[in-house]
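Hi everyone, thanks for making time. Let me put the model up so that we can walk through it together.

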Amino acid sequence: MSIGIATAIFAFIPALIANSLAVIFGGRFVIDAGRTIGGKRILGDGKTWSGLIGGTVSAGIIGTLLAYAGKQSISIHTLPTPGIYIIFTLAFGSLMGDMCASFIKRRLGRKRGEKTPFVDQYDFVIGALFMSWILYPSWTKTTFFSRQGLIGLALILIIVPFLHRTVNIIGYKTGYKKEPW
Ligand code: CTP
Ligand code: MG
């Protein structure tokens, strides 16, 4: 695998792990505090401050450690900056994407945890790419939208549903998650 492809996949790790970590840290301080719009919850009980902040911070820290560990083999970011900011941006963007999806799901009348194919799998990918595009456009373009970056991104899109399913089953079996999807 060429360096460009590996770099894209490696760089995306913070976005990939943020949601699973949010499940571990989540559950406290519901963001919408029970508020509704037109009788439907704004976000629902599945979106909490502890998940958003805990997921962002822990994914950011793990992503940073991995980036330092991989620095020799894969020239991934310009560490310490802006690399660390980019790592936290990807983690935060991932969880913001997940939160926007919950907002949309509630508007469509879907209850918390109800299965919504495609949206559940790709909301965080879109959120992470969107936020990193807004804050770090040139880095995002070269990392994910250059010729090799796009191959990496395509591979990410292919592995995400499998990864998502596996992690959710583990989350369900260990009691962290209410539904196995
Ligand atoms: N979680 C959290 N805060 C977040 C994201 C996730 O606390 N910002 C936790 C919640 O405990 C949530 C679990 O992680 O139930 C699984 O996340 P997710 O599947 O995104 O939430 P759902 O409960 O399925 O709710 P929704 O229908 O809104 O996706
Ligand atoms: Mg869900």
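Let me begin with Ala33, which is exposed, with a relative accessible area of 55%. Exposed means over 50% relative accessible area, buried under 20% and partly exposed in between, with a 1.4 Å probe and protein chains only.

A word on the ground rules. This is a predicted model, where local features need pLDDT of at least 70 and side-chain atom pairs count only at pLDDT 80 or more, while totals for chains, interfaces and linings use all residues. Residues are numbered from 1 along each chain as its sequence is written, chains are lettered from A and ligands numbered from 1 in the order written, and side-chain values use heavy atoms, leaving out hydrogens and water.

Back to Ala33: it sits in the loop between α2 and β1, and its phi is positive, about 50 degrees, although it is not a glycine. Helices here are DSSP runs of H or I with at least four residues, strands are runs of E with at least two, and both are numbered from the N terminus. Phe29 lies in the loop between α2 and β1 (36-37) too. Phe29 has a positive phi of about 65 degrees, and it is not a glycine either. At 62% relative accessibility, Phe29 also counts as exposed. Why point these out? Because most residues other than glycine have a negative phi.

Now to the ligand. Which residues come nearest to ligand 1? Of the 17 around it, they are Lys47, Thr48, Ser102, Arg112 and Gly113, where "around" means a heavy atom within 4 Å. By class, that shell has three nonpolar, seven polar and seven charged residues; Ala, Val, Leu, Ile, Met, Phe, Trp, Tyr, Cys and Pro count as nonpolar, Asp, Glu, Lys and Arg as charged, and the others, Gly among them, as polar. Helix α4 gives the most to the shell, with four residues.

Next, polar contacts, meaning pairs of N or O atoms within 3.5 Å; within protein, one must be able to donate a hydrogen and the other to accept it, and residues adjacent in sequence count only if both atoms are side-chain atoms. An oxygen atom of ligand 1 is 2.8 Å from a side-chain N or O atom of Lys105, and an oxygen atom of the ligand lies 3.0 Å from a polar side-chain atom of Asp98.

Finally, Lys47: it is in the loop between β2 (40-41) and α3, and it is buried at 13%. Its side chain makes a polar contact with that of Ser102, at 3.1 Å.
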